[in-house]
Structure formats: structure tokens, C-alpha cells
Amino acid sequence: MAGASGTSIGCCCAKVSSLLGCDRVMVLDEECLVTKVATIAAAVAAAKSATTTVPLVVIADFDRTLTAKYYYDNNGKRQAGSSTFGAIENCSYVSEDYRTQCRKMLEHYIPIELDPHIPIDEKTAAMKKWWADAYALLAAQGLRKEYLSSIGTTALVQFREGCLEFFKFLEEQNIPLFIFSAGVTDVIEALLRAKLGIELPRNAHIISNKAIWNDEGVLVGFQDPVIHSLNKNCFRVLESHLPPELVSTGVACPNPTTPFHTLLLGDTLGDACMSQCLATTSLSTSVVVRLCFLSDDAEQHAKQYGAAFDVLVTGDGPITVAMNIVKHILKV
């Protein structure tokens with residue numbers, strides 16, 4: 001996204017202010033955003049006139065995208081919110097040695113993941129090893145499937161403001177939602193039940209790391225291939241984690257013979273590429289509007305993230321920004 005210097009919503013043009021409806025956003029290229037949304041809206045209007053499937057999907061990261069970065073307890077005290085892995089690490093069903101080993105791996109691998117000077121191939125190999133080692137460590141804990149409900153309930157996780165309404169709206173409008181996460185499928189499902197009181201909506205599909213349980217309900221591993229922070233744009237990952245009919249025929253998705261458009265939600269630079277995993281399938285995409293939840297140091301990172309995303313939501317802002325964009329596109 002080329003263009004102008006970053007501006008807050010208060011400085012945005014009337015079209016952008018009306019579109020986003022939130023005071024915690026930054027848009028670096030307003031003209032580009034308006035053009036993208038108008039293009040998608042026109043395609044949707046044409047599809048509705050022809051009574052064909054609406055050519056729109058939503059792809060969303062989970063940790064710190066659908067969920068907030070920070071967690072507030074009953075006394076209003078703020079602390080860092082947990083990821084799906086963190087929900088397991090902090091539960092009462094794992095050993096202190098497991099937590100210690102997890103922290104050591106985090107301290108070793110995070111600098112590698114964030115270092116801009118390390119080649120991407122080297123980073124990717126390191127992330128693959130990190131996730132594989134973390135899974136092997138977890139599989140040795142004897143975690144039981146029956147613990148998931150408690151893990152979901154006690155996790156320091158809060159969904160972003162408006163998330164439940166967003167899920168319901170997408171389901172009502174029959175807009176496919178792909179939750180694409182390097183976390184744990186089973187924990188995501190437990191969090192939906194515990195924090196929002198819902199099962200996975202019929203229009204939604206989780207593309208994440210699914211646990212393998214033995215006949216006694218004990219965790220013994222995870223399905224291949226591993227989804228880590230740097231391979232969300234890989235078609236093989238999508239192909240392996242979705243029902244075959246979705247990949248081969250586009251069932252429950254827009255008409256595979258017609259290009260469709262995407263609203264992409266993430267919180268890291270790697271998330272900006274998630275829609276690339278669809279490029280070689282019947283679900284190939286056209287226009288992508290990218291929205292990033294940039295909770296901290298927005299001004300400092302605006303130029304870098306603004307080059308990859310169309311909209312930056314700051315201050316741990318609400319998911320309603322995304323819903324406002326979809327409503328504008330659908331004209332509802």
C-alpha cells in the first residue's frame with residue numbers, strides 16, 4: 001500500500017470515517033482503501049442481482065486478532081492475554097518443568113522470528129523446529145481431552161469487543177469465515193464455548209493445529225503439517241487442514257468459477273500473506289482488504305505495517321471495524 005503519511009481517523013476523509021466508524025484506526029492510503037472496498041461492493045451487488053453466491057470471504061488470525069492482546073480481571077487490572085498455547089501452559093494440568101521449558105524455547109526463538117536480518121528460509125526452519133519441539137514437550141504431559149473445558153474457562157483470554165456479534169452477522173449473511181491460526185484447534189473451540197457460549201458457526205472453518213487423542217482421550221501428538229507463524233501462506237497447509245470438498249470444489253465458498261474477494265484480519269506482518277494460500281485452489285482470490293490489530297506503539301510501527309495492511313486498528317480496538325467494512329460492502 002503505497003502513499004501518504006499515516007493519519008488517524010480524525011484526519012481521514014468523510015468516506016473513510018463513514019466506512020470504519022471507529023476512532024482507533026490509522027489509514028496510510030485512504031484512496032486505495034476506498035477503491036478496494038468499492039470494487040468489492042460492486043462485485044457483491046452484481047452477484048446479488050444475478051442471485052449468485054456473494055463473492056466475499058473473511059480470513060482471520062485468532063490469537064490477538066479475534067482475541068484482545070490484553071486481559072482485564074474483575075477488578076479492572078490489565079495483564080497480557082494468553083494465546084491458545086499460553087492457555088495450556090498456564091493451566092493446572094501441566095508441570096512446572098513444562099512451563100520452564102516453554103519459556104526457554106520462547107526466549108530462544110522469538111529473537112530469531114523478529115530479527116529482520118535472518119533469511120526467511122532460516123527463520124522458517126527455526127519456527128518449524130520450535131513448534132515441533134513444543135508439541136513433543138506437550139505430548140509428554142499426558143493432557144486429557146476432558147480438561148479442555150476447564151482450560152477454556154480459566155484462560156486469560158478475552159475476545160475483542162463485538163466479536164460475538166461479528167460471528168453471528170457473518171453466519172446470518174452466509175459469509176465464509178476461515179480462522180487461520182498457528183495455535184491449537186481444540187483450544188480455539190474450547191474458548192468459543194467458554195468465553196462466547198457458542199459452537200463453531202456453520203459458516204466457519206478452523207485451519208490450525210489439531211490435536212490427536214488416543215482411545216483413552218490422552219493427547220499423543222498433532223496432525224501434520226504443522227502450522228507455525230511463518231507458513232500461513234502455504235497451500236499445503238490449507239489443503240491438509242480443510243475438508244477435501246472445500247479445497248477441490250469450493251463448497252460453502254463463493255462460486256469457484258468467479259473471482260472472490262477477501263477481508264483479511266491479522267496482527268503480524270506474516271498474517272498479511274494468509275490469503276496467498278488460496279491462490280492455487282478453486283478459492284483463488286482477487287481484491288484483498290487487509291486489517292491489522294496493532295495494539296501497541298502504533299505510531300512507531302505505522303509505516304512498516306501500513307505497507308502491508310490497509311487499516312491499522314490501534315489501542316486493542318474492537319472487531320466492529322471489520323464488521324463495519326462488511327456491512328458497507330453488503331449495504332446492510
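**Salt bridges: notebook entries**

I looked up E96 and found it partly exposed, at a relative accessible area of 47% (buried is under 20%, exposed over 50%, partly exposed in between, with a 1.4 Å probe and protein chains only). I note that this is a predicted model, in which local features need pLDDT of at least 70 and side-chain atom pairs count only at pLDDT 80 or more, while totals for chains, interfaces and linings use all residues. Residues are numbered from 1 along each chain as its sequence is written, and side-chain values use heavy atoms, with hydrogens and water left out.

I then checked the partner of E96: a salt bridge (a side-chain nitrogen of Lys or Arg within 4 Å of a carboxyl oxygen of Asp or Glu) joins E96 to R99, with 3.2 Å between the closest N and O atoms. Both residues lie in helix α4 (residues 96-114), three residues apart, about one turn of the helix (helices are DSSP runs of H or I, at least four residues; strands are runs of E, at least two; both are numbered from the N terminus). R99 is buried at 15% relative accessibility. Through shared partners, salt bridges join E96, R99 and R103 into one network.

I next examined K69 and D296, whose side chains form a salt bridge at 2.6 Å, N to O. K69 lies in the loop between β3 (56-60) and β4 (70-72), and D296 in the loop between β11 (285-294) and α11, 227 residues apart. K69 is partly exposed at 27%, as is D296 at 26%.

Finally, I recorded the salt bridge between D310 and K36 (3.1 Å, N to O). D310 is in the loop between α11 (298-306) and β12 (311-314) and K36 in helix α2 (residues 30-49), so the pair ties together parts 274 residues apart in sequence. D310 is buried at 2%, and K36 is buried at 19%.
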